[in-house]
Amino acid sequence: MKYETVGTPVDFWFDPTCPWAWLTSRWILEVARHRPLELRWHLMSLTVLNEGRADLPERWHRDLALRMEPVRVCAAAVQAYGPEVLGRLYTELGTRFHLEKAPKERSTYAAALAAAGLDAGLADAAGSEEFDGAVRASHRDGIGRVGTDVGTPVVAVNDVAFFGPVVTPAPRGEAAVKLWDGVLAVAGTEGFFELKRTRTRDPIFI
């Protein structure tokens, strides 16, 4: 008799421009190669998270405005095709931003869309506020589960949400599964909130 393996529900909120979210996403995809997961991708925005902060220099606000562009493109793709396209579009955008160091501009978004099998014309959404409402709603859903004093990524396992794990480089193979087992352990611990240390290295992309 054959039994179906039910995947563990994992909801993942990301901003495609965040290198730390990218590394965590590559880790969770590696886990999915070894363990049954039901991965669901969602948008959040560093721009929305940091808007109105007077303690940030002007150059940061300019950068945050630019970071909103690819998030809008992702939201447009979700509206056009459904949320199931978000994972592969994220991979294409992240590969270009974090590995190829491509600029945040329309040609980069269009190339990522095309590589994901989607309409490259959706890159026009980068300069439009049409999808900002959808972005904000998804962002509120994710950040509302963990609090505004954290950032991206937000990962929910069986509806228990955390910021992170923040890790570099992204673990592979047995190391990835070992970290996953730890996440399952803390997610299953009533009243667990935080385990953290100061980062001592920059993101490592390999």
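**Exercise 1.** Determine how helix 1 packs against helix 7 in this predicted model.

*Solution.* Take the segments: helix 1 covers residues 19-32 and helix 7 covers residues 173-187. Helices here are DSSP runs (H or I, at least four residues), strands are E runs of at least two, and both are numbered from the N terminus. Next, the angle between helix 1 and helix 7 is about 100°, and their axes are 9 Å apart. Helix 1 is therefore roughly perpendicular to helix 7 (65 to 115 degrees). Finally, list the contacts (heavy atoms within 4.5 Å): W27, I28, E30 and V31 in helix 1 meet G173, A176, L179, W180 and V183 in helix 7.

Residues are numbered from 1 along each chain as its sequence is written. Local features need pLDDT of at least 70, side-chain atom pairs count only at pLDDT 80 or more, totals for chains, interfaces and linings use all residues, and side-chain values use heavy atoms, with hydrogens and water left out.

**Exercise 2.** State where R26 lies relative to the rings of W22 and Y90.

*Solution.* Start with W22: the charged end of R26 sits over its ring, 3.9 Å from the centre. Then Y90: R26 lies over its face, at 5.5 Å from the ring centre. The criterion is NZ of Lys or CZ of Arg within 6 Å of the ring centre and within 35 degrees of the ring normal.

Conventions. Axes fitted to C-alpha atoms, helices over the stretch in contact; angles between N-to-C directions. Parallel < 35°, antiparallel > 145°, perpendicular 65-115°, else oblique.
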